[in-house]
Amino acid sequence: MLIVDGANVVGSVPDGWWRDRRGAAERLRDLLAAREGDEEIVLVVEGAARGVESVPGVRVDPAPGSGDDRIVQLVAARAGRDCVVVTADRGLRTRLRAYGVRCVGPRTVRPAG
């Protein structure tokens, strides 16, 4: 499973995402859906992006509160199973260490610039 910290990945490129957070999350979702492979992809969204719908290949998980808290919940529920989290958030990465998941940066799924 690939879990993507939507707010963190969207915020990794200063392309005007702050003017339309929902639209930025939809563009990220569509970029993820176009990836090759058979991995399960979960895009965790929060705030103004909560209304983004799932599409084939990407399940959108709207965090009821903090996106980081929701990611930790998802990882905890998969304890012992393969999972990769896409985030540059150091605090979240620290929280996830206890679960032994691999964390990768936003450029793994989204080119810079």
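Colleague: Which residue in β3 is the bridge partner of Leu 43?

Modeller: Val 60 is the partner of Leu 43. Before we go on, this is a predicted model, with residues numbered from 1 along each chain as its sequence is written, and local features need pLDDT of at least 70, side-chain atom pairs count only at pLDDT 80 or more, while totals for chains, interfaces and linings use all residues. Side-chain values use heavy atoms, with hydrogens and water left out.

Colleague: OK. How many bridges are there between β2 and β3, and in what sense do they pair?

Modeller: Four bridges, and β2 and β3 (residues 59-62) pair in the parallel sense. Strands here are DSSP E runs of at least two residues, helices are H or I runs of at least four, and both are numbered from the N terminus. Two strands pair if DSSP finds at least two bridges between them.

Colleague: And what about β1 and β2?

Modeller: β1 (residues 2-5) runs parallel to β2, also joined by four bridges. Ile 3, for instance, has Val 42 of β2 as its bridge partner.

Colleague: Why is β2 largely enclosed by the rest of the structure?

Modeller: Because five of the five residues of β2 (residues 41-45) are buried. Buried means under 20% relative accessible area with a 1.4 Å probe, protein chains only. Ile 41, Leu 43 and Val 45 cover one side, and Val 42 and Val 44 the other.

Colleague: Which residues have the most contacts inside the largest nonpolar core?

Modeller: Leu 2, Val 4, Leu 28, Leu 32, Leu 43 and Val 86, in a core of 20 residues. β1, α1 (6-10), α2 (21-33), β2 and β4 (84-86) each give two or more residues to this core, and α2 gives the most, with four. A nonpolar core is a set of buried Ala, Val, Leu, Ile, Met, Phe, Trp, Tyr and Cys residues joined through side-chain atoms within 4.5 Å.

Colleague: Switching topic: how much space lies in the largest pocket?

Modeller: About 170 Å³. A pocket is an open set of points on a 1 Å grid over the protein atoms alone, where a 1.4 Å probe fits, with protein on both sides within 12 Å along at least five of seven lines; lining residues have an atom within 4 Å of a point.

Colleague: Which element gives the most to the lining?

Modeller: α1, with three residues. Trp 17, Arg 21 and Glu 46 are among the lining residues too.

Technical notes
Buried means under 20% relative accessible area, exposed over 50%, partly exposed in between (1.4 Å probe, protein chains only). Grid points are joined across faces, edges and corners, and a volume is the space filled by probe spheres set on the points.
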